[in-house]
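Please look over the sequence and structure below.

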Protein chains: 2
Amino acid sequence: MTAANTPHRPMRADARRNYERLLAEAEVAFREQGTETSLEEIARRAGVSIGTLYGHFPTRQALLEAMLHESIDRLVAIAEELLAHPSPGEALARWARATAAHMSAYRGLATSLLSSLKDENNPLYRACQQMTAAGQRLLDRARTAGLVRAEAGADDMFALINAAAWAREQVSAEQGDRLLAFMLDGLRPVPAETRRPVDPGP
Amino acid sequence: MTAANTPHRPMRADARRNYERLLAEAEVAFREQGTETSLEEIARRAGVSIGTLYGHFPTRQALLEAMLHESIDRLVAIAEELLAHPSPGEALARWARATAAHMSAYRGLATSLLSSLKDENNPLYRACQQMTAAGQRLLDRARTAGLVRAEAGADDMFALINAAAWAREQVSAEQGDRLLAFMLDGLRPVPAETRRPVDPGP
DNA sequence: ACCTGAACACCGTTCAAGT
DNA sequence: ACCTGAACACCGTTCAAGT
């Protein structure tokens, strides 16, 4: 593994090996069984005691965060690259699709992520902030191009991407694609002629 | 309780009392703790054995279905009434808001509902179908008024309502409202002048 | 016909004891 | 410095035995 998902400071060789094995098995288990899968099974598959797992990752969120580190960096980098794409709308849509696709690879992850925003101390909190910040630049560029309405913030787009990823876990791939497309189109400015067509109502 | 949530055929008086108490406690527990709350706690609160709970409701979904029966009937009736609303767009939006609000009252319900569509034998499957059918009439009416694009089906709208309800569980009420509004606006036809503004891309 | 509660298998989390 | 595994508290689900 690269330096991205290694812990803060030097580690004893056996500890480091356990850390890596736990991370690798967690990735498999989360992908196959969802983010609520048994931690004891992860420890078992990694060949260590459950106490060792807790020693390295005090909470499920900490383990998820460590597992996501690399891919989040990658998504942030992709956002950076897409800023150079000729079409601000396409760039935004592509990043949203890539992000939603990644999230929906782990059942329950969208829920873990979006709910982490309720607590600053949740290890996933910063991860969400990074992704939101990365999306913000693409969103603002699309807004400047007249493709995004004023009241839509980067947090809204992040929530929509999560919602699409959540839906994608439950429906067919085709419908999942369609739903994300609808959501992104929903960020466009509402054209005057279709606004409140008949009656505003109370 | 009314006849709506009583079981199929005559029941012994004590059985009926247990059934009703379980349903009442389930409603409270699901509302306070979410749809993954402990069934044993529901039985405890209802003052019956866990075996009695399983005797009446063989699965968690069966208990949820029984609990939702009345409110789903109500939402179907509301859809009916809204067909007479002068604005097809407003009617659709109001039904969607009412439905999302109801669903988000029980944490985890949106997931239980949308995922039930993967299995015809899930007791919630029919409940989802009823709601989708109710929404379909409002959706088609809005489509006739030019407010909904051709490729958006009633199942898409149902999924979006669920996604909004799911998001509402995790974010603020204001943001939840906004997200649902974005999603519904995403069902509108895309005006020609904002379609693919610069470059379609590969 | 319905209810009870023990039984079984599983899990999250902590922490004293080891090396 | 790190690891182990027993301990505790909890849960889902089934089913023999009761009334």
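## Terms and basis

A polar contact is a pair of N or O atoms within 3.5 Å; within protein, one must be able to donate a hydrogen and the other to accept it, and residues adjacent in sequence count only if both atoms are side-chain atoms. This is a predicted model, in which local features need pLDDT of at least 70 and side-chain atom pairs count only at pLDDT 80 or more, while totals for chains, interfaces and linings use all residues. Residues are numbered from 1 along each chain as its sequence is written, chains are lettered from A and ligands numbered from 1 in the order in which they are written, and side-chain values use heavy atoms, with hydrogens and water left out.

## Surroundings of DNA strand D

DNA strand D is surrounded by 19 residues (a residue is near a strand if one of its heavy atoms lies within 4 Å of it). The closest are N18(A), S49(A), T52(A), Y54(B) and R60(B). Of the atoms of DNA strand D that come within 4 Å of the protein, 67% belong to sugar and phosphate.

Helix 3 of chain A gives the largest share of this surface, 4 residues (helices are DSSP runs of H or I, at least four residues, numbered from the N terminus).

## Phosphate contacts

Polar side-chain atoms lie 2.3 Å from a phosphate oxygen of DNA strand D for N18(A), 2.7 Å for Y54(B) and 2.8 Å for R60(B).

## N18(A)

N18(A) is part of helix 1 (residues 13–33) of chain A. With contact meaning heavy atoms within 4.5 Å, N18(A) touches V48(A), T52(A) and H56(A), not counting residues up to four places away in sequence.

Conventions. Helices (H or I, at least four residues) and strands (E, at least two) are DSSP runs, numbered from the N terminus.
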